[in-house]
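Hello,

Here is the structure I promised to pass on to you. Please open it alongside this email, and my notes on what turned up follow below.

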Amino acid sequence: QTSSKFKNELTRLNKEQREAVETIAGPVMVIAGPGTGKTQILTLRIANILMKTDASPENILALTFTESAASNIRKRLVGLIGTQGYYANIATFHGFCNQIIQDYPEKFPDIIGSSPATQINKISILRKIIGSSGFKKIKPSGDFYYYIPAISKNIRDLKNEGVDPDGLRKSVESQKKNIKLARLTAKQRANNLAQADKNMELAQAYALYQKELRRRKLYDFEDMILETVKVLQKDKDFLLDLQEKYQYILVDEHQDTNGSQNRALELLSGYDRNPNLFIVGDEKQAIFRFQGASLENFVYFKNKFPKVRLVSLRQNYRSTQEILDASHSLIEKKTASLAMKLESQEKKAGKKIKICRLESIEAECEFIADKIKNLIDKSRLMKSIADPRSRKAGSGKTPAEEMAVLYRENKDALAVSEALSRNGVSFAVESDENILEDSEIKKLNVLFEAIENFAGPEHMAKALHLDFFGLEPIEIYKSLG
């Protein structure tokens, strides 16, 4: 039964999709734009490996970027091969590294038993470091803590690229030597050296930050991957064990991988010059660098594995050709040699795209809400006058449940939802955001911790700093004093 279902799905693939599914051995890179069926081919490829090789589900590792994507892949896999699909390793990068840490705690003495650091923890630690240290470049006299948001972001970015404090320090030292040897004007040399000195202080603050995290038994979200990479680089026997276990590695949305994630992939697949490593990505997303996406990932992969099989999925099953042509025209000048034009499988001609120029975010949201309301009203009108026995009631119009508003960040939902409310349009906001990571929920947790540890001055101090109390810092210190 499983075999027949798999064969049925296989017959529905186009030539390029089938090539991606049936090329099992060696490195494979699939360039897949939106609507080209990349999730389906990734799932079918896992099923194909299990059917045509001696590999067991435990030997397969599929990595993606969201829990919902991992869940979607597993659901499809179980539908194809049955309960075996539950035993394949399908996870996010962070989820995978966290599982390794939990399974081999003795390998991770620096992080095991620790708790995730909240944003309050991070800012508190950085304020302590900046306030008590003799920095000059990152501690302006007018406002000691002015650079803390930037320092916090830089540390996060450094961790994402797999750079530890010592690595940053060595990089800055090399940079300073190059500046002194370079042919520069006196002003250019002075400016570059000043920036290098600033980066050296950042390296020192980064080192102190990591030390304080360990002392408080805390870790950053990025530390899960960073610590995994560090251990795999040092413990060759442990690395060999994992390489033997994960014989086939698949990566979805590869354009979103950062330096530390790519380094983890390098290590896990480093058993062979041509490992069974399969990556899927969209070069068009990469040029915009959403969530750290980078076109360099594609170029790097091609250079790393010269014998890589390159497969381009050109057939789009989601959009009309008008939409595909318009989107391609916007980005074709910025794409590199991997760029390709998608071809729609929709046989009917699509409607022309309308471009509206609006003066503000508020005007844009109001325009969206008004447009949706008009479409819903027309749909209701058509349904009311149509023959109730006809299946074409409301034909050509759009019911509310078939409309969606896409926005880039969660914070953008507020303005849209307010405009919809003003226009009397019912809506639901969908988000992959973890509610426990919400800033207001974190504040509530700080308050609960203070109540539970009522006699603890540290917990009480954190609670009193919560903005909704409106207390001045000097008054807090006086009360704790």
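Predicted model: local features only at pLDDT ≥ 70, side-chain atom pairs only at ≥ 80, totals over all residues.

**What I found**

Arg127 lies over the face of Tyr145, at 4.0 Å from the ring centre.

**The chain as a whole**

The chain has 481 residues, and 40% of them are buried. Its secondary structure consists of 20 helices and ten strands. If you take the contacts with a separation of 6 or more, 72% of them are between residues 24 or more positions apart. The chain exposes about 28,500 Å², and carbon and sulfur atoms supply 51% of that area.

**Aromatic pairs**

How many aromatic pairs are there? The count comes to four, taking rings whose centres lie within 6.5 Å. One of them is formed by Phe65 and Phe93, with ring centres 5.3 Å apart and planes at 45 degrees, so this pair is tilted. The two residues come from distant parts of the chain, 28 residues apart: Phe65 is in the loop between strand 2 (60-64) and helix 4 (67-81), while Phe93 belongs to helix 5 (residues 93-103). As for solvent, Phe65 is partly exposed, with a relative accessible area of 23%, whereas Phe93 is buried, at 3%.

Tyr146 and Tyr147 also form an aromatic pair, with 5.2 Å from centre to centre and 80 degrees between the planes, which is edge-to-face. Here Tyr146 counts as exposed because its relative accessibility is 55%, and Tyr147 counts as partly exposed at 25%.

Helix 4 also holds Ser71. This serine has a relative accessibility of 47%, so it counts as partly exposed. Ser71 and Ala91 are 20 residues apart along the chain, and their C-alpha atoms are separated by 8.3 Å.

**Two helices that cross**

Two packed helices are described by the angle between their axes and the distance between the axes. For helix 10 (residues 223-234) and helix 11 (residues 236-245), the axes come within 5 Å and cross at roughly 110 degrees. Angles of 65 to 115 degrees count as roughly perpendicular, and helix 10 and helix 11 are therefore described that way. On the helix 10 side, the contact is made by Val231, Leu232, Gln233 and Lys234. Helix 11 contributes Lys236, Phe238, Leu239 and Leu242.

Helix 10 is also where you will find Glu227. Is this glutamate buried or exposed? Glu227 counts as buried, because its relative accessibility is 5%. Not counting residues up to four places away in sequence, Glu227 touches Phe108, Asp110, Ile111 and Arg214.

Ser260 is placed in helix 12 (residues 259-268). With a relative accessibility of 3%, Ser260 counts as buried. Which residues is Ser260 in contact with, leaving aside its neighbours within four places in sequence? They are Lys159, Asn160, Glu161, Gly162, Ile225 and Val229.

**Two backbone angles to look at**

Most residues other than glycine have a negative phi. Lys217 is in the loop between helix 9 (186-215) and strand 5 (218-219), and it is partly exposed at 40% relative accessibility.

The other is Glu253, also not a glycine, with a positive phi of about 50 degrees. Glu253 is found in the loop between strand 6 (248-251) and helix 12. Why does Glu253 count as buried? Its relative accessible area is 18%, and buried means under 20%.

Best wishes

Methods: Residues numbered from 1 in each chain as written. Heavy atoms only, no water. Helix = DSSP H or I, 4+ residues; strand = E, 2+ residues; numbered from the N terminus. Buried < 20%, exposed > 50% of the residue type's maximum accessible area, 1.4 Å probe, protein only. Contact = heavy atoms within 4.5 Å. Areas by Shrake-Rupley, 256 points an atom, 1.4 Å probe, with all protein chains shown as cover. Phe/Tyr/Trp six-rings, centres within 6.5 Å; stacked < 30°, edge-to-face > 60°. Lys NZ or Arg CZ within 6 Å of the ring centre and 35° of its normal. Axes fitted to C-alpha atoms, helices over the stretch in contact; angles between N-to-C directions. Parallel < 35°, antiparallel > 145°, perpendicular 65-115°, else oblique.
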